[in-house]
Amino acid sequence: MESESKRMKLNDLVAAMEEIAPTRYAEAWDNVGLLVGDREQRLGKVLLTIDYTEAVAAEGKKLGCDGVVAYHPPIFQGMKRVQSGGVIHDAIRRGVGIYSPHTAWDVAEGGTNDFLAGVMGMEQVRALKPAEGKATWCKLVVFVPAGRVEVVSQAMFEAGAGKIGNYSECSFRSSGVGTFKGGAGAKPAIGVVGRLEKVEEVRLETVVMLTQVDQVVAAMRRAHPYEMPAFDLVKLEAVPEGKGIGRIGMLREAITRDQLCRRLKKGLQLSHLLLAGKNTGRIRKVAVCAGAGGELLDWAIKEKADVYATGELRHHDVLKAKQSGMDVICTLHSNSERASLHVLARRLRGKLPGVKLLVSKVDQDPFRVI
């Protein structure tokens with residue numbers, strides 16, 4: 001009997017990541033999801049990293065990893081060439097799948113921003129900026145002869161259809177009568193060419209992620225007895241979920257800037273931070289944003305946060321924050337994101353039995369303090 005790790009496929013990683021950090025949460029400009037790889041390839045070891053650099057690729061090769069979760073998308077804008085010498089070509093050649101969650105993990109429960117809020121000791125936490133929902137699901141409706149419903153539905157479920165939250169194999173079925181008349185060249189599975197046929201059929205409905213439509217439809221066609229099965233694909237609107245990017249919240253009690261900075265350094269395992277603003281007074285209301293925080297600066301100011309903690313800000317954005325009376329703490333970009341990878345690894349271990357999840361030891365922010 002094959003072990004769990006041998007049975008796991010790259011598609012299982014995609015499904016697990018979609019449950020943990022749904023791609024519908026990602027910002028519209030982002031490039032998230034499966035970027036490289038064959039969904040049907042076997043999966044044994046997965047390396048988690050912020051940036052998929054040459055050093056990280058070499059680390060993954062040495063460890064024998066066949067999957068990578070790279071927080072920052074190594075393919076972001078359109079690529080016109082994939083040639084030898086680059087990490088993407090190398091991953092394709094070696095059969096390494098690459099998945100990127102980026103801003104979907106920022107928005108997700110327990111992701112980068114929730115991690116930062118937890119490190120800071122924030123309570124009454126909510127999103128700093130509401131997420132713009134994106135449609136990522138569709139409804140697949142197919143008409144199947146009554147005697148073949150179980151075969152067709154099971155084929156679609158195995159291809160990834162019918163998953164709603166913690167439930168699988170979800171569908172709705174209603175009975176009716178289908179009609180058709182085969183013309184010249186037709187090879188009907190039921191009836192004869194040239195005669196109007198009436199067949200007891202079932203309207204089978206289920207949900208499918210847009211990224212899995214092709215494989216589910218292909219599985220349905222293979223299992224369906226008809227030469228030309230009738231089916232509909234209906235794109236579903238995104239449902240408002242109260243999610244968002246960044247976090248705003250209150251500290252249990254007012255503390256000094258030095259105390260807050262010590263919390264942040266300890267939680268992110270950093271020796272230094274950048275601090276701009278007043279050196280007096282105590283802090284109670286805090287805003288956080290992992291990575292580049294410029295887009296959410298005005299939201300933090302609007303919320304009248306005492307401190308805004310982020311990875312990086314432009315010079316003039318820092319001056320703007322100070323002018324508003326708000327302090328800023330910067331960690332350097334990826335230092336604000338990296339520690340959350342350990343949380344993500346733990347959650348993936350619970351969903352991918354037998355797959356070894358490793359966090360990169362060579363991944364680091366390109367800047368260092370000297």
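Is Glu123 buried, partly exposed or exposed? Glu123 counts as partly exposed because its relative accessibility is 28%, where buried means under 20% relative accessible area, exposed over 50% and partly exposed in between (1.4 Å probe, protein chains only). This is a predicted model, in which local features need pLDDT of at least 70 and side-chain atom pairs count only at pLDDT 80 or more, while totals for chains, interfaces and linings use all residues. Residues are numbered from 1 along each chain as its sequence is written, and side-chain values use heavy atoms, with hydrogens and water left out.

**Helix 3**

- Helix 3 covers residues 54–63; helices (H or I, at least four residues) and strands (E, at least two) are DSSP runs, numbered from the N terminus.
- Val56, Ala57, Glu59 and Gly60 are the buried residues named in this helix.
- These buried residues line one face of helix 3, because they fall within an arc of 160 degrees when seen down its axis; the arc is that of the directions from the helix axis to the C-beta atoms.
- Glu54, Lys61 and Lys62, on the other side of helix 3, are exposed.
- The buried residues of helix 3 pack against strand 2 (45–49) and helix 4 (87–94), where contact means heavy atoms within 4.5 Å.
- Gly64 follows helix 3 and has a positive phi, near 80 degrees.

**Salt bridges**

- Side chains of opposite charge can pair when their charged atoms come close.
- A salt bridge is a side-chain nitrogen of Lys or Arg within 4 Å of a carboxyl oxygen of Asp or Glu, and by this rule the count comes to 19 salt bridges.
- Glu123 forms a salt bridge with Arg252, and their closest N and O atoms are 2.8 Å apart.
- Glu123 belongs to strand 5 (residues 122–130) and Arg252 to strand 10 (residues 244–255), so this pair ties together parts 129 residues apart in sequence.
- Arg252 counts as exposed, at 64% relative accessibility.
- Lys139 and Glu205 meet through their side chains in a salt bridge (3.3 Å, N to O).
- Lys139 in strand 6 (residues 137–145) and Glu205 in strand 8 (residues 196–209) are 66 residues apart, and the pair links distant parts of the chain.
- Lys139 counts as partly exposed at 30% relative accessibility, whereas Glu205 is buried, with a relative accessible area of 13%.
- Arg257 and Asp327 also meet in a side-chain salt bridge (2.1 Å, N to O).
- Arg257 lies in helix 9 (residues 257–268) and Asp327 in strand 14 (residues 327–330), so the pair ties together parts that are 70 residues apart in sequence.
- Both Arg257 and Asp327 are buried.
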